[in-house]
There are 2 protein chains.
Amino acid sequence: METRTAPADPEVLTSNLRVALDGRFGPIRDAAREYLNRADLLPDPALTLEEARARSLRIMRDLVPHGLPHAGFRKEHGGTGDVGAAIVGIEMLGYADLSLMVKAGVQWGLFGGAIENLGTAAHHEQYVVPLINLDVLGCFGMTETGHGSNVQALQTIATYDSQTGDFVLNSVGSLARKDYIGGAAEHATVAAVFAQLVTGGPGEEATGRGVHCFVVPIRSADGKDLPGITTSDCGHKGGLAGVDNGRIVFDNVRVPRANLLNRYADVAQDGSYSSPIENENKRFFTMLGTLIRGRVSVAATSGAAARKALTIASRYALVRKQFDTPDSDDEVIIADYLVHQRKLLPLIARSYALAFAQNELTEELHEVQTADEVDADRQRQLESAAAGLKAMTSWHAQHAITVCREACGGAGYLDANQLTILRRDIDVFTTFEGDNTVLTQLVAKELLSAYAEDVRGLNAVGWTRFIAGMARDVILERSAARQVIQTILDSSDEDVEESDLSNRGTQLRLLRNREDHLLRTAATRMQRAQSDDEDPFEVFNSAQDHILKVGSAHTERVVLEAFIEAIDSCDSKSAQELLEKLCDLFVYSALEADLSWFLMHRHVSTERAKAIRRGVNQLCEELRPHLRTLVDAFGIPEALLATEMIPDN
Amino acid sequence: METRTAPADPEVLTSNLRVALDGRFGPIRDAAREYLNRADLLPDPALTLEEARARSLRIMRDLVPHGLPHAGFRKEHGGTGDVGAAIVGIEMLGYADLSLMVKAGVQWGLFGGAIENLGTAAHHEQYVVPLINLDVLGCFGMTETGHGSNVQALQTIATYDSQTGDFVLNSVGSLARKDYIGGAAEHATVAAVFAQLVTGGPGEEATGRGVHCFVVPIRSADGKDLPGITTSDCGHKGGLAGVDNGRIVFDNVRVPRANLLNRYADVAQDGSYSSPIENENKRFFTMLGTLIRGRVSVAATSGAAARKALTIASRYALVRKQFDTPDSDDEVIIADYLVHQRKLLPLIARSYALAFAQNELTEELHEVQTADEVDADRQRQLESAAAGLKAMTSWHAQHAITVCREACGGAGYLDANQLTILRRDIDVFTTFEGDNTVLTQLVAKELLSAYAEDVRGLNAVGWTRFIAGMARDVILERSAARQVIQTILDSSDEDVEESDLSNRGTQLRLLRNREDHLLRTAATRMQRAQSDDEDPFEVFNSAQDHILKVGSAHTERVVLEAFIEAIDSCDSKSAQELLEKLCDLFVYSALEADLSWFLMHRHVSTERAKAIRRGVNQLCEELRPHLRTLVDAFGIPEALLATEMIPDN
């Protein structure tokens, strides 16, 4: 067996890789590394629900002085106005405790974000500083038992009463209760409540104006439900013990007119409704769009959770031995088995890829949200990118943590070694901030409709009819590739079959061609709905798996481009070389995972398919000596990696 | 949209499907359904560890009068000698609480099994009845921190002291501590301890005789560690809160000579060692082979857990609605979305397949273990079949429960709805009773070595050299197919490409040809190790992914054959028709999951590959009206399916 030699200076290499991974957020990450390097931040599975919840809140109070919450709010409201730093701060919390991340995300990201983005001056003045400082604890009352993905169909009603100048909130039917709301079980005293607004001006019939957001006090300072409010506790969950998820039911709850978060729509004293955005659908999606940070944070934190699990499992793989080595008394280090390498290394490569894509997404969010003017197109693209990456990264994390747990055997199953806690806590990341299947479909729908304005909010039938009526070339129009990608494409052979698979241009073309092919054929299938003989719902439904694949293929292509961009930006030659190899492994294993598609559509020959499988093995072997370096470069604070896997001898 | 019509009489159909699923164990399952139909058997996530553990033990005491434990022991020892019933009883516990199943499995299956199968008359007399009645609580001290898969290398040493007639047990080094041992943290007072026996007769040097099992008291009645014993608690785990896993360290612990479980080897007063099985390796594997029940139970229970999750998720899919239906005020039932069908139905089909295969495995275990004489070949095949099915079913369960949780969205994340508890508890089923990767590899190694006696216990190098030296036709020799399979093969076209994919013979040939191809090519790769230029470890390691695939392809083929056999044995025409369709979906989705292999090796054309994908969609649509029937037929006691998913209106 070949002797493994470590690279010349793994410490320098680690540090250079870390610079690449940190991207533009290096200083923010380093600061977070410093204040998060405390083992007492790790979740404690021995706590009762009540204790775990109290603990999250206590740690949040500790974090306030570090400026973590301030970054997410504009200077004029009492924050520091660094959106990127806010996301990265939340992401870094994921290395410590996902309950903490979620509870912080609910308070500062969702509740705070609703106040900041949907409210106006009076709301900002009343709430922003107190909510930053945790003098006001809020929750985000959007999801209902009966409606999660279909927010436009919420069944909480807010009817304006011009006699008293109040909104009257009611939960209509048992499916209308607000459900799974973080903070609603115990700590929150105020809720940002999404409800159907019903109002009419003088002489006008009161009519539904669509979903709007209201600030609604729900509890007194001593924790009692206010009149008309009934909260209850979701109790024990799959994980996230430190988050007090609960339900809220409204029975004729009155709040003053001023409690409408009225940035995008207002109700006058006399009940007249006004909005700068005339189209109800557009207004709804504009409001929702301002809340995009939650989704971006969930994507970012999922990536962090996967990296932590991979670090723990890789360290274990490097010390755990099993079955004897030939010609020696010792046993084989499990990281030396091909099958073990195949478990961990492709996931590590993918974690790098997703981290680079996440940095780009966070940067883009920062740009869009700190710009003087809203760029509607960029906002739309951002939302789609966030949806795609959130789905891809949270699925990746769920899978990676499962694999890591198993790769650590019995030791992996002990909470003391953290992987089980990570697995429990991450599970719902595939659901909240948008069900992953629905989000992936959303990416595809946006691509297929070429981001057409009028398509949002259409049901399956309406959407299918819309696509059926579109010109094909509209669907396939694509924005220009960024410079580095264009250069690679220009210098590579267009004939993919003829060109080397290890060539980055070939790899790019494979992923781009897959996306184009899927998009084109999905459009063709939708166009059947033009015919009167076809039921548009059936046309949509029978192609639904195809449509989903459009979404994931698109996101994977974008992720590869982010990886390539990150390699291009890397200053260190040795780090760059390692990243190139890692990028190869990302591509080869992505191709391998979808090989049947590439073969079926003749984008890859059977000979090439075999070369891809061999390539994954070969790259695993080449990257094996760097395993420790690769995970150390994630830069997870050492105190947060505490395990009891291997006892001291 | 087409109106879904329910089949003529779903109740009769359900009942007939249940008869098919229950197989030969119908009456035992029905009895268990009756005494398990109590919601108070469900795990309670609010309990502390200590409470949860005490509760499992209390429920076990309730179960004793139902005769559950008695089935696993021979009549002459105080049991009822129905091995099949013992396994099915344990499997059914999985519908209630996996902690209960594991704790019962440790006491009656592992500890009891060691006493029953490795002990002799004195041990049977002393322990069997008390352990059935829970007057003696035992644990199974095999795994150590440093050795799980490689049991032959355990580092607990039992040295015989002929002066005193004692064995002296020591944990040699920190990796030698017994770890993850169910019962060791709290309840067990006695352990069946696996240790390296060191002894020598008069004038003979004391030498290692390999791993043997000893009965070792570890705790006093009041729960204190006995002298020389140090137990500790594994604490909180990923799940299985009701099982008190712990560690045991031995420091000069003395037990009398009689405490060696001496069915397969004995030590005389003077230290002389004797065994009816001369070969140490053979002796080790014979002893281990008698303990096969644990693995069979874990496979069986994994199947039960998957079925329960699929039942809960399917019921939810049939009431939950989201996004509006065209031309109606109502919303679409999520079970009507193709992508949702694709999540649940192929897993249901696979659950049927695995249930049929499990029935065969349990039956075979019963036959082998209740026969008058040991049939070594059958025992060997049984062990391989158990390894393969345990790995396949526990991975299936882990995956299916994850999908089900996600398919129920936020509701799925609440412990009240059980899926999260199932997911936490099932996680380690892929690890205990044999790591799934190691087990799958074991299946392949047995096939590749044609079950040769001398191959067991060889390390990678030794094994590779052995295979390299074998004749190819030995490897490919296969036992005759059973009657129903042979008939199907005889009446189907040998040319797979030319024959209809919906033909069962074609389907069988596809899975058989895959297995043969993998086996043949794996053998060819191993034969490279004949050359002096090749490092046998490298030859083995570079083919490890290929070898694993041999194992899973083999098991999947066996599972299909069990499905076919079950259809053939089904008396009801309408149930048979539905099973045929379900079997198609099992095959189509199995082919789809491995489509790249079939394409790459030209066992399937690109056109056929596309037909397979379309076929899965088509079968999902055809089976959709039967969704409720299909899961109801699992026959899970209604009280154990309690959820709070949809509130009353």
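Q: Where does A:Ala590 sit?
A: In this predicted model, A:Ala590 is in helix H20 of chain A, residues 573-593.

Q: Buried or exposed, that A:Ala590?
A: A:Ala590 is buried, because its relative accessible area is 5% and the cut-off for buried is under 20%.

Q: Which residues does A:Ala590 touch, leaving out those up to four places away in sequence?
A: A:Arg350 and A:Glu556.

Q: And what separates the C-alpha atoms of A:Ala590 and A:Ser171?
A: The separation is 46 Å, for two residues 419 apart along the chain.

Q: Switching to annotations. What does UniProt put at residues 139-253 of chain A?
A: An unreviewed UniProt entry gives "domain: Acyl-CoA oxidase/dehydrogenase middle" for residues 139-253 of chain A. In the model that stretch is 46% strand and 0% helix, with its end C-alpha atoms 17 Å apart.

Q: What about residues 289-448 of chain A?
A: Those carry the annotation "domain: Acyl-CoA oxidase C-alpha1", from an unreviewed UniProt entry. Residues 289-448 of chain A are 72% helix and 4% strand, and the end C-alpha atoms lie 20 Å apart.

Q: How many salt bridges between chain B and chain A?
A: Four salt bridges are counted between them. One pairs the side chains of A:Arg342 and B:Asp545, at 3.5 Å from N to O.

Q: Backbone now. What is the phi of B:Leu134?
A: B:Leu134 has a positive phi of about 70°, although it is not a glycine. Most residues other than glycine have a negative phi. B:Leu134 lies in the loop between helix H6 (121-132) and strand S1 (138-141) of chain B, and B:Leu134 is buried at 2% relative accessibility.

Q: What about the phi of B:Leu240?
A: B:Leu240 has a positive phi of about 50° and is not a glycine.

Q: Where is B:Leu240?
A: B:Leu240 is in the loop between strand S7 (229-233) and strand S8 (245-250) of chain B. B:Leu240 counts as buried, because its relative accessible area is 2%.

Definitions and conventions: Residues numbered from 1 in each chain as written. Chains lettered and ligands numbered in written order. Predicted model: local features only at pLDDT ≥ 70, side-chain atom pairs only at ≥ 80, totals over all residues. Heavy atoms only, no water. UniProt positions renumbered as here; feature names shortened; annotations may be inferred. Helix = DSSP H or I, 4+ residues; strand = E, 2+ residues; numbered from the N terminus. Buried < 20%, exposed > 50% of the residue type's maximum accessible area, 1.4 Å probe, protein only. Contact = heavy atoms within 4.5 Å.
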